[in-house]
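Hello,

The structure we discussed is below. My notes on it follow.

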Amino acid sequence: DNFGGGKLAAQAMIDVLPNGGKVLILDFKKAQSCLLRVDGFKEVIAEHNEAHPDKKIVIVAELDGAAAEEPSKKATEDQLNATPDLKGVFAINDPSALGAVVALKKANKLQDVKIIGFDGQRIGKEAILRGEIYADPIQFPSEIGKLTVQQILAYKNGDEVKSEILIATKLYFQEDAQNDPELKAAK
């Protein structure tokens with residue numbers, strides 16, 4: 001559920017910026033899933049800002065990170081020049097989040113700016129473990145695959161199939177990374 005994942009990302013941003021602050025969104029408008037992530041994020045931020053006008057999270061820009069590290073690095077660098085007091089970055093996937101990490105390290109601001117990624121790819125989980133990314137809403141590809149096969153079989157058998165099945169995302173933090181058997185096995 002990309003929309004729900006965006007909502008989770010916003011809640012993580014609110015939690016990590018309890019006094020509010022300026023936030024950059026690294027988006028990718030060519031993918032419907034990424035549009036949904038950003039929409040979910042913005043909906044929860046708007047609700048938060050309405051309820052807590054003294055602790056607003058201000059989205060200063062939505063820049064195209066092309067869902068890739070290098071363009072996201074460049075976009076983050078550009079935004080840091082325009083907004084030196086940036087406090088957060090929401091990136092629509094882990095490569096985009098890692099581009100922000102590189103830019104923030106180069107500017108010596110990684111400790112000052114909190115990054116929320118998306119997906120829970122191994123590279124993102126490793127960055128969370130290192131403390132470079134604060135959190136990721138993660139998806140469950142094996143569950144997605146299992147349900148897809150079940151729906152294909154149901155269709156072939158003439159059974160009713162659902163037009164949409166939402167699979168909830170879950171926030172993944174550094175503590176999750178420290179206990180992740182996938183990451184422990186690689187050490």
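N93 counts as buried because its relative accessibility is 9%; buried means under 20% relative accessible area, exposed over 50% and partly exposed in between, with a 1.4 Å probe and protein chains only. Please note that this is a predicted model, in which local features need pLDDT of at least 70, side-chain atom pairs count only at pLDDT 80 or more, and totals for chains, interfaces and linings use all residues. Residues are numbered from 1 along each chain as its sequence is written, and side-chain values use heavy atoms, with hydrogens and water left out.

N93 sits in the loop between β3 (86–91) and α4 (94–106). Helices (H or I, at least four residues) and strands (E, at least two) are DSSP runs, numbered from the N terminus. Apart from neighbours within four places in sequence, the contacts of N93 are R37, A67, G117, F118 and D119, where contact means heavy atoms within 4.5 Å.

**The chain as a whole**

The protein chain has eight helices and six strands. Along the sequence they follow the pattern α-β-α-β-α-β-α-β-α-β-α-β-α-α. Of its 187 residues, 45% count as buried. Taking contacts in the protein chain between residues at least 6 apart in sequence, 74% join residues at least 24 apart.

**The sheet**

Four strands make up an open sheet with parallel pairing, in the order β2-β1-β3-β4. Two strands pair if DSSP finds at least two bridges between them. The edges are β2 (57–64) and β4 (114–116); each has a single partner strand, so one side of each is left without a neighbour in the sheet. On average, neighbouring strands of this sheet are turned by 20° against each other, direction ignored.

The pairings, strand by strand:

- β1 and β2 are parallel and share seven bridges; L24 has A61 in β2 as its bridge partner.
- β1 and β3 run parallel and are joined by five bridges; K22 stands opposite L86 in β3.
- β3 and β4 also run parallel, with three bridges between them; G88 has K114 in β4 as its bridge partner.

Burial in β1 covers six of its seven residues.

**Helices on the sheet**

Helix α2 (residues 32–51) lies across β1 (21–27), β2 and β3, and runs at about 165° to β2. Axes here are lines fitted to C-alpha atoms, for helices over the stretch in contact, and angles run from 0 to 180 degrees between N-to-C directions. Helix α4 packs on the sheet as well, touching β1, β3 and β4, and its direction makes about 165° with that of β4.

Together β1, α2 and β2 form a right-handed β-α-β unit. A crossover is right-handed if, with the strands pointing away from the viewer, the path from the first strand over the helix to the second runs clockwise.

**Helix pairs**

Two packed helices are described by the angle between their axes and the distance between the axes.

The axes of helix α1 (residues 2–16) and α2 come within 7 Å and cross at roughly 40°. The two helices α1 and α2 are therefore oblique to each other; angles under 35 degrees count as roughly parallel, over 145 as roughly antiparallel, 65 to 115 as roughly perpendicular and the rest as oblique. The crossing of α1 and α2 is right-handed. A crossing is left-handed if the near helix is turned anticlockwise from the far one by less than a right angle, and right-handed if clockwise. Residues of α1 in this contact include F3, A10 and I14, and those of α2 include L36, F41 and V44.

For α4 and helix α5 (residues 122–129), the axes come within 8 Å and again cross at roughly 40°. Helices α4 and α5 are therefore oblique too, but α4 passes α5 in a left-handed crossing. Here D94, P95 and L98 in α4 meet I123, G124 and A127 in α5.

**K55**

Which loop holds K55? K55 is in the loop between α2 and β2. K55 counts as partly exposed because its relative accessibility is 32%. Setting aside neighbours within four places in sequence, K55 is in contact with P18, N19, G20, H48 and N49. K55 and I14 are 41 residues apart in sequence, and their C-alpha atoms are 9.1 Å apart in space.

Regards
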